[in-house]
Amino acid sequence: MRCGWMCAVVVPLVLALVAWQLIALGALYPVSEQRSLWSWCEPIYGVSGAEDLTISSSGLAFLSAADHRTMMHAVPSRGDIFLLDLRNVQGMSDPLPTPVPLPLIGWDEEEVFHPHGISLLEEAVDADGSEHSPPLDPPPPSLVLLVVNHLPHMDRVERFRFDPSLPALVHERSYVSDKFHSLNDVAAMGAHSFAVTNDHGWGRDRILLHALETLLPHLLGRGSVVVADVQ
């Protein structure tokens, strides 16, 4: 079948768009050139679907992990925040500790916990436990962990406080907003404020538009940064 000038114009444009997108996504990037960097890395076993990592000033690492394939199909699943104690790791030759999933105190077990981006806030405390500006010789700070949580039909930011005596995460509060429609990461800015990123302009409930935005981010991408004041 002959399609004339339309095929002569449309087909090359489509092929050019596909090639441009493959390059933009890094599909043609020569990974072999970075092979020398692999010798600096050591795998951490026992974690499936790792997403984000944040480390306290004392060397406590918190790692979020979840099976994101189930989220794409709106199947409820339970993710975890893992604790990796790096305080005794002094060099590359030291063995890494085993990641330990932290219990969630005060969390409704019926609710989905599907963590994505995380951010750590270190709050200075007095000897009696009250928050204040750092003294000359402060006790260990209180650690607050903000977690992006993907529920089946909405995104939310969860606030946890780390209890080192258990150890466990104590759920303190959930933050919701109509501007949280495709959350990816979160960054603590202070005791009562944080910033989040939306990696898409369309929410995951708009499946077709969300997928098109993923495939053509340079043309359709409408990501955003939202600053939340939660006082």
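**View 1. F180 and F194 are both buried.** Buried stands for under 20% relative accessible area, with exposed over 50% and partly exposed in between (1.4 Å probe, protein chains only). The model is predicted: local features need pLDDT of at least 70, side-chain atom pairs count only at pLDDT 80 or more, and totals for chains, interfaces and linings use all residues. Residues are numbered from 1 along each chain as its sequence is written, and side-chain values use heavy atoms, with hydrogens and water left out.

**View 2. Six aromatic pairs are found in a search of the whole structure.** Rings of Phe, Tyr and Trp (its six-membered ring) pair if their centres lie within 6.5 Å; planes under 30 degrees apart are stacked, over 60 edge-to-face, and the rest tilted. W107 and F113 make an edge-to-face pair, with 5.3 Å from centre to centre and 70° between the planes. Both of these residues, W107 and F113, are buried. The ring centres of F180 and F194 are 6.5 Å apart and the planes stand at 45°, so this pair is tilted. Because F180 is in the loop between β9 (168-175) and β10 (183-190) and F194 is in strand β11 (residues 193-198), the pair ties together parts 14 residues apart in sequence. Strands (E, at least two residues) and helices (H or I, at least four) are DSSP runs, numbered from the N terminus. Ring pairs also join W107, F113 and F160 into a cluster.

**View 3. The order β5-β9-β8-β7-β6 describes an open sheet of five strands with mixed pairing.** Two strands pair if DSSP finds at least two bridges between them. β5 (104-105) and β6 (115-123) are the edge strands, each pairing on one side only. β8 and β9 run antiparallel and are joined by seven bridges. Opposite Y175 in β9 stands V157.

**View 4. The peptide bond from L166 to P167 is cis, with omega near -20°.** P167 is placed in the loop between β8 (154-163) and β9. Most peptide bonds are trans.

**View 5. The largest nonpolar core has 16 residues.** Such a core is a set of buried Ala, Val, Leu, Ile, Met, Phe, Trp, Tyr and Cys residues joined through side-chain atoms within 4.5 Å. F62, I81, L145, F162 and L169 have the most contacts inside this core. At least two of its residues come from each of β2 (60-65), β3 (80-85), β6, β7 (142-151) and β8. β7 gives the largest share, three residues. A second, separate core of 14 residues includes V144, F180, F194 and V230.
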